[in-house]
Amino acid sequence: MKSAIIAALIGSAAAFAPAQTGKATTALNAFESELGAQPPLGFFDPLGLLDDADQERFDRLRYVELKHGRISQLAFLGQITTRAGVRLPGDIDYSGTSFDSIGEGWAGSLQVPVAGALQILAFVGFLELG
């Protein structure tokens with residue numbers, strides 16, 4: 001009886017041992033040495049955007065990520081500045097709507113005249129092309 005209990009304990013302990021697996025080679029190994037790949041995750045690509053990518057695609061996505069991060073930082077700074085009460089002098093359109101009369105946040109973006117919003121959209125689109 002004791003030997004059956006010992007055998008059961010040894011067998012159940014083996015269930016918690018890590019499984020032996022072979023070393024898998026994937027396309028992700030190509031970018032393991034890039035800046036930002038750190039332990040314990042290494043190169044982290046949860047959506048698989050770089051599964052079949054070359055170095056040119058990797059560099060493009062890294063450039064776009066940095067650019068969007070910088071734009072987000074500027075947007076946050078603009079939000080904080082506007083909430084602090086700092087506004088541009090003058091009027092936003094020829095009908096006399098002053099920058100001070102435009103609200104903050106999403107409500108303020110809806111108060112911008114349509115022609116101004118289209119100009120902003122066209123300018124951002126132009127910047128994205130470059």
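How do the residues of the lining of the second largest pocket divide into nonpolar, polar and charged? They divide into 10 nonpolar, two polar and three charged. Here Ala, Val, Leu, Ile, Met, Phe, Trp, Tyr, Cys and Pro count as nonpolar, Asp, Glu, Lys and Arg as charged, and the others, Gly among them, as polar. Let us walk through the structure and come back to this pocket on the way.

What you see is a predicted model, in which local features need pLDDT of at least 70 and side-chain atom pairs count only at pLDDT 80 or more, while totals for chains, interfaces and linings use all residues. Residues are numbered from 1 along each chain as its sequence is written, and side-chain values use heavy atoms, with hydrogens and water left out.

Begin with the overall plan. The protein has four helices and zero strands, so named because they are DSSP runs (helices are H or I, at least four residues; strands are E, at least two), numbered from the N terminus. Of its 130 residues, 8% count as buried (buried means under 20% relative accessible area, exposed over 50%, and partly exposed in between, with a 1.4 Å probe and protein chains only).

Now for the pockets. A pocket is an open set of points on a 1 Å grid over the protein atoms alone, where a 1.4 Å probe fits, with protein on both sides within 12 Å along at least five of seven lines; its lining residues have an atom within 4 Å of a point. The largest pocket holds about 930 Å³ of space, a volume being the space filled by probe spheres set on the points, which are joined across faces, edges and corners. Its lining has 21 residues, and Gly-78, Gln-79, Thr-82, Ser-109 and Ile-120 lie nearest the centre. Helix H2 (55–83), helix H3 (105–111) and helix H4 (114–129) each give two or more residues to this lining, and the largest share, six residues, comes from H2. By class, the lining has 12 nonpolar, seven polar and two charged residues.

Let us return to Ile-120, which lies in helix H4. With 52% relative accessibility, Ile-120 counts as exposed.

Next come the charged partners. Side chains of opposite charge can pair when their charged atoms come close. The structure holds four salt bridges, each a side-chain nitrogen of Lys or Arg within 4 Å of a carboxyl oxygen of Asp or Glu. One of them joins Lys-67 to Glu-128, with the closest N and O atoms 3.5 Å apart. Since Lys-67 lies in helix H2 and Glu-128 in helix H4, the pair ties together parts that are 61 residues apart in sequence. Lys-67 is buried, at 15% relative accessible area, whereas Glu-128 is partly exposed, at 36%.

Another salt bridge joins Arg-62 and Glu-34, whose closest N and O atoms are 3.8 Å apart. Arg-62 lies in helix H2 and Glu-34 in the loop between helix H1 (2–14) and H2, so this pair ties together parts that are 28 residues apart in sequence. Finally, Glu-104 and Arg-87 meet in a salt bridge at 3.6 Å, N to O, and Arg-83, Arg-87 and Glu-104 are linked in a network of salt bridges.
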